[in-house]
Amino acid sequence: MSISIVSHSYSILAKKISSALKYFLASLLLFVLYAFFSSAHATCTLIGGNTTGSYNYTAANINSDANINFSGTISCLGGRKTPEISAYICMKTVFTGTTNTNNNVSLPYTVTATVGGVSNTNPASNVWYGPAKTVASNNIISYSVNVKVPARTGALMIYPKGTYTGTVQLFWDMQASSSTVCEGDSGGGWDSGSVTMTANYVVPSLCQLDSTSNVDFGNINDIGKTSRDYTAQGAVNTTCNNGMLYSLYLGDGNNRVAGGFRQMTNGSSQYIPYQLYQNSTYTTIWDTTGGVATVGGSGGVSKTGSGTVQSTNVYGKIPQGTAISTTPGNYSDTIVVTVTY
């Protein structure tokens, strides 16, 4: 009876050992299978190139096409550790077509791209292009993307100061057999992938003097003293960032200022006094009082930029009773215009 008990106990122990061994072997097999299949399902990765770019606007290029170009290379690994490709490739780009806003202004942009032999020639978002025969050097695929903010047509446009950002996602998907239809979002696997690109358009503080027009008093027929007021009007044309505060100052001219007046000369020692004003009532002199280095000086005219050309009138006056030269000729003066922002 005691032997039977011992034998029975041994039998149970053997079964327990057998079950544990089966569990261990099953776990080992699962691990081996997982390791095998995971190594066979690699993905496409970016191995070189740029994904962030910037375009800096200046006064010289603010109204030109603004292009940011991206390029690089892609490696796709299949079941082996060396790059592999499939016969055909499709691609698409996903983007909004407008940047973020600054002072309620955003910039429109278009996208064109080429990946491994297929190009999008129509700047449409989230549309698959291809298939095309895959082009690869040493099984390495090249890509290029262009992001463009087109030049505004018509008058000069200066955008509000700030950084405008557009984002583009580039997707590609190779396929072994389909040469006519893109598998698109139903594809995937080791021969597909994506990369995100960021295009930054930087607009600095910009304010420029576009042009001026003369203050022309015409013919003065009086001798020695003016018998009436002579008035004339010119203009200063500027273009500054939308929302930017700036001031326009007028210098004293090339000739000495006598009795608070600027003076025109005929090139000799003969003068005709005159004055320039900020308003049509000729009560506020337009000069450099307060200094030209500060926005808002009392001698200047302060404005807020609109992003487009702004014309500011200059009012000139030779008051009645002003002593003038008796020497006939053409009298003139040159004024320096300062734009401070």
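User: What makes C207 and C240 count as a disulfide?

Analyst: The sulfur atoms of C207 and C240 lie 1.6 Å apart. A disulfide is a pair of cysteine sulfur atoms within 2.5 Å, so the pair qualifies. This is a predicted model: local features need pLDDT of at least 70, side-chain atom pairs count only at pLDDT 80 or more, and totals for chains, interfaces and linings use all residues. Residues are numbered from 1 along each chain as its sequence is written, and side-chain values use heavy atoms, without hydrogens or water.

User: How do you know whether C207 and C240 are buried or exposed?

Analyst: Both are buried. That means under 20% relative accessible area; exposed is over 50%, partly exposed in between (1.4 Å probe, protein chains only).

User: How many disulfides does a search of the whole structure find, and what is the pairing?

Analyst: Three. With the bonded cysteines numbered in sequence order, the pairing is 1-2, 3-4, 5-6.

User: What makes C44 and C76 a disulfide, and what does the pair tie together?

Analyst: The S to S distance is 1.9 Å. C44 lies in β1 (44-49) and C76 in β3 (66-76), so the link ties parts 32 residues apart in sequence. The angle about the S-S bond is 110°, and the link is right-handed. C44 and C76 are buried.

User: And what about C90 and C182?

Analyst: S to S is 2.1 Å. The angle about the S-S bond is -95°, and this link is left-handed. C90 lies in strand β4 and C182 in the loop between β9 and β10, so parts 92 residues apart in sequence are tied together. C90 and C182 are both buried.

User: What makes the largest pocket a pocket, and what is its volume?

Analyst: On a 1 Å grid over the protein atoms alone, a pocket is an open set of points with protein on both sides within 12 Å along at least five of seven lines. The volume is about 860 Å³, meaning space filled by probe spheres set on the points, which are joined across faces, edges and corners. Lining residues, with an atom within 4 Å of a point, number 34, and V215, F217, M264, Y331 and S332 are the closest to the centre.

Note on methods: 1 Å grid on protein atoms, 1.4 Å probe; cavity = no way out; pocket = protein on both sides within 12 Å on 5 of 7 lines; lining within 4 Å. Helix = DSSP H or I, 4+ residues; strand = E, 2+ residues; numbered from the N terminus.
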